[in-house]
Amino acid sequence: MTVQGIILSPDLDDDRTWRIGDYVKRGGYDALKKIIADKMPADQIIGEVKKSALRGRGGAGFPTGLKWSFMPRAFPGAKYLACNSDEGEPGTFKDRDILRYNPHTVIEGMIIAGYAMGCERGYNYIHGEIFEVYERFEEALQEARDAGLLGKNILGSDFSFELYAHHGYGAYICGEETALLESIEGKKGQPRFKPPFPASFGLYGKPTTINNTETFASIPFIIREGGDAFLALGKPNNGGTKLFSVSGHVNRPGNFEIPLGTPFSTLLEMAGGVRGGRKLKAVIPGGSSAPVLPGSVMMDCTMDYDSISKAGSMLGSGAVIVMDESTCMVKALERLSYFYFEESCGQCTPCREGTGWLYRVVHRIENGLGRPDDLDLLNSVTTNIMGRTICALGDAASMPVQSFVKHFGEEFAFHIEHKKCLVPKDVQHEGSKIYVA
């Protein structure tokens, strides 16, 4: 992690930051002790989360407090909590660093969530390709158990909560919440039809609430300092800070924790600016599934859900992929389209067939075999995929295609007409590759 942060990222000069002793010195578990000592009502906890304007940090940006309120507290049977740490979105690498350097804030956040929603068991689903992070989280769980913060009668109260780590095997589709639940149950990770939604029929058919790693990691601060304090760090409807994973053509790629509403220009400066003094060409602001924006548009944006949405894209997971003038946009889209073609689970015909179609059309344009009607064909295929699949992977594959063609159509047209790239090959080579997968 490149920059020391405000809430989520501790001082990384000390390699023991992930240990429970260091976490407690930073005020760790004070929020949990507070709610147990004060016997804080669940409605009050959920009220503070609502007041904070914390929105889901995994991509959708759904209000966290509202989601928590959907959990039927009076349900007589088991209820579950799940943390989505299946960080597979290209360009995103923030959640693994939270788990690597500050795992106890996720643990504390999940315990508090369990208390607020009446859950006695939770699971953290961790991306299988970061197994060393899974092992570290297991160690942190044991530290919490040894300290009496997990398990039966936490801190001598009548509240019990157990938390388990569960690792997947690197399937992008398991980042979709219902596919994640299927995988925990030992089945093939494929999305479920909705409704019913997880809040009523989730893990093992029981009410379940699922939040992202960074979302849970924000909870201890909100309870300890108050929802208003968290909201004040950001802006209305966009409370708190957020971690942004900046990659691509920047001098200092890494994770940067900044208040929501910070100008994109400030974030770019924190990342050292565009590499080599080149001109900013394009930015994908929220992970590879978010629509690309021209650099000139991004320079007028602030980093929050509303500003990025107004500009025509999504804040998404907070993965900011920066591309300078050496980037061939056709080649960049070819790589992204191949990723979604490979990662489609195949359950839905529009996605299974459509993602392959998109890749093959972009591939032939890039390789000098483009046809005059290919741009219309790409728009037609994406229109027939979007909104016609069980989960959002079809949309995730389609939105980059639509936005690349919309904003950089002249490059695609040049490829088709001249059978070569608008950006000279020697410039592309000098700029090197930007892809993060």
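Five strands make up an open sheet with mixed pairing, in the order β6-β5-β11-β8-β9. The model is predicted.

User: What makes β6 and β9 edge strands?

Analyst: Each pairs on one side only. The two are β6 (254-259) and β9 (293-294).

User: How do you know that β8 and β9 pair?

Analyst: Pairing takes at least two bridges between the strands. Strand β8 (residues 280-284) and β9 have two bridges, in the antiparallel sense. Therefore they count as paired. Within this pair, A282 stands opposite P294 in β9.

User: And what links β5 to β6?

Analyst: Six bridges, again antiparallel, join strand β5 (residues 241-248) to β6. The cut-off is at least two, so the pair qualifies. K242 has I258 in β6 as its bridge partner. The two strands form a hairpin, with five residues between them.

User: Why is β6 called mostly covered?

Analyst: Five of its six residues are buried. Buried means under 20% relative accessible area. So five residues of β6 fall under that limit.

User: What makes helix α8 mostly covered?

Analyst: In α8 (residues 177-184), seven of the eight residues are buried. They are T178, A179, L180, L181, E182, S183 and I184.

User: Which strands do the buried residues of α8 pack against?

Analyst: They pack against β1 (80-85), β2 (121-126), β3 (162-167) and β4 (208-212). Just after the helix, G186 takes a positive phi of about 90 degrees.

User: How do you know that the peptide bonds into P195 and P196 are cis?

Analyst: By omega. From K194 to P195 it is near 0 degrees. From P195 to P196 it is near 5 degrees. P195 lies in the loop between α8 and β4, and P196 lies in that loop too.

User: Why is A53 called buried?

Analyst: Its relative accessible area is 16%. The limit is under 20%, so A53 is buried.

User: Is N237 buried, partly exposed or exposed, and why?

Analyst: N237 has a relative accessible area of 44%. Buried needs under 20% and exposed needs over 50%. The value lies in between, so N237 is partly exposed. N237 is not a glycine, yet has a positive phi of about 70 degrees. Its place is the loop between α10 (227-233) and β5.

Notes: Residues are numbered from 1 along each chain as its sequence is written. This is a predicted model: local features need pLDDT of at least 70, side-chain atom pairs count only at pLDDT 80 or more; totals for chains, interfaces and linings use all residues. Side-chain values use heavy atoms; hydrogens and water are left out. Helices (H or I, at least four residues) and strands (E, at least two) are DSSP runs, numbered from the N terminus. Buried means under 20% relative accessible area, exposed over 50%, partly exposed in between (1.4 Å probe, protein chains only). Contact means heavy atoms within 4.5 Å.
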